[in-house]
Amino acid sequence: MTMLALQNVSKSFGALKVTDAVSFEVPEGQALGIIGPNGAGKSTLFNLITGNLPADQGTVHFEGRDVTRVPAMQRCISGVGRSFQIPQPFTHLTVYENLLVAATHGRQHSESEVMRECAVILERTELIDRANQTSGSLSLLERKRLELARAMATHPKLLLLDEIAGGLTEGECQALVETIKAIHAEGVTIIWIEHVLHALTSVVDRLLVLDFGKVIGIGDPDAIMDSKEVKEIYLGIDV
Amino acid sequence: MSHATDHAVPYAVHTGTSASRIAGIAALILIVVLVALPAFASRSLIQDMFFILTMLVLAQFWNLLAGYGGLVSIGQQAFVGIGAYAMFGVVILAGLDPVPAILLGGVVAVLLAIPTAFFAFRLQGAYFAIGTWVIAEVVRLLTSQWKAVGGGTGTSLPRDATRDLWMTETIETVFGVRNAAARDILSYWLAVILAVATIGGIYWLLRTKRGLALAAVRDNIEAAKSVGVDAVRMKWTVFLVAAFGTGLTGALIYLQKARISPDAAFSVTDWTAFVLFIVVIGGIGTIEGPIIGVIVFFLLQSLLADYGTWYLMVLGVIGIIIMLFAPKGLWGLISSRTGIELFPVRRRLTGGALHTSQQET
């Protein structure tokens, strides 16, 4: 089954076309990586998939249903979870409460139903010792982990990760990759924007390259990394 | 990652603190004292307490709007006025008893809040604040055209209605007081009920998952939407609930006053500026803040009542000083020094991996 399908999706900010007739599909259970230079429109593409931004043109289908006009809140409830590139914790709430908001609203369950599961997610993301601290007091690494943990608390079928490994040390990055692999192994479809290429390619099945809002390549990660356009545009190598 | 499940002590969540349990008992005693107060207090004390309680309710609702919902309205006087005028209207035109008419005041305030929200929610931040103020002014001007309730000069509650007020005859015989004093006692009791229900209701709301969502929306609205929080519905709920409570309070205040005019009932100074002062000096975004704020406000007002304009200036200066040096208000100062929370909403996770890690350290 196709989990996500974008058809000719475009978005402009004033005269600047940030997303230019983007079309692609992600089958259920796949992990798709998205790469591209800064300003290529990667995060905007995520906002169009989650509904945080409305598309100017084109359609977004989730599990075969047209969700182009469906608000972000509703898309989350139907199974689209996301992390933000710049962590956006609810700073006055504790780490546990951050997950609780996501689990009680994203899945429409009561607090007692999700309590244990939130605790287990905190264990998996190594945040359990921080459970009762306000999230405003967390370090960058912990905030990144909280982004992942909070997205997991909504029980996503499709998980969108936006540069979750950026700014982490090699060891921290490795631990994060293991967690993401484990989530993927449970059958969650993943779309992952990342500049840390070796982290990305160790997880994803397919790679998409975005430049100036256009898809300039999609396919097998090795083939994509070897292609002339990618080397020229993304890696800045003159071929 | 396989360690994730089995723990000797299961996970549990706690909200209460020892201070909150003591506060709960103290609150029960306080409620009993408040209810029994008319038996031994003077009429002027009952009137002062009525003023304190009604201002407290207005402050709690403004705090719910601005402190929890992020909706900084300076047009709440629209709901005080419309609630009061709705009560006067049905008493004068339909001959209804003023006490049940108070409820109608709340309902009419909600009816006004729906179109108000429809327009004002299109505005952000300062524009929202100004927008609500403009709407309140429009409602004041329209009301002063309503000739049946006295137009611009206002009117009084009919003597029959105030004399035969619900329950007042019983109060007169039990306490051995005149009709006017009995009306004060009745209004006071209604204010006690309203204040207890308001604080209890807001505290209950904050402890539900909707309260959690409200805090999330206030911290980061885009992230809140992305985890499934219906931010738009939260804003509507908070605005309509605050309008209902403010309308009820407005009707109750003018039942006790028994005389109304558009300029008084829609006064931005009395029903929004003072309320804002109470919330800001007490501590915005807390239930304790408005309680402390209203006491400070009342003391200042009693101390400075004879100094006219100086009173307002001192109030302004104190407001500015607190905003600069204690942005979280007096309660913020107290709770950051002592860690005391009388109305705790924090959910603390215990047990499981936290239990073992606490024992290790």
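Two residues are taken to be in contact if their C-beta atoms, placed from the backbone, lie within 7 Å. The model is a predicted one, so local features need pLDDT of at least 70 and side-chain atom pairs count only at pLDDT 80 or more, while totals for chains, interfaces and linings use all residues. Residues are numbered from 1 along each chain as its sequence is written, with chains lettered from A and ligands numbered from 1 in the order in which they are written.

Chain A comes as domain 1 (2-79 + 156-234) and domain 2 (88-143), with bounds from an automatic or database domain assignment. Their C-alpha centres sit 25 Å apart, and 6 residues of domain 1 of chain A touch 6 residues of domain 2 of chain A.

Now for the two chains. Between them, 28 residues of chain B are in contact with 36 residues of chain A. On the chain B side, α9 (209-219), α10 (221-226), β4 (348-350) and α17 (352-360) each supply at least two residues, and α9(B) gives the most, with 6 residues. By class, this side of chain B has 14 nonpolar, 6 polar and 8 charged residues.

How values were computed. Helix = DSSP H or I, 4+ residues; strand = E, 2+ residues; numbered from the N terminus. Nonpolar A, V, L, I, M, F, W, Y, C, P; charged D, E, K, R; others polar.
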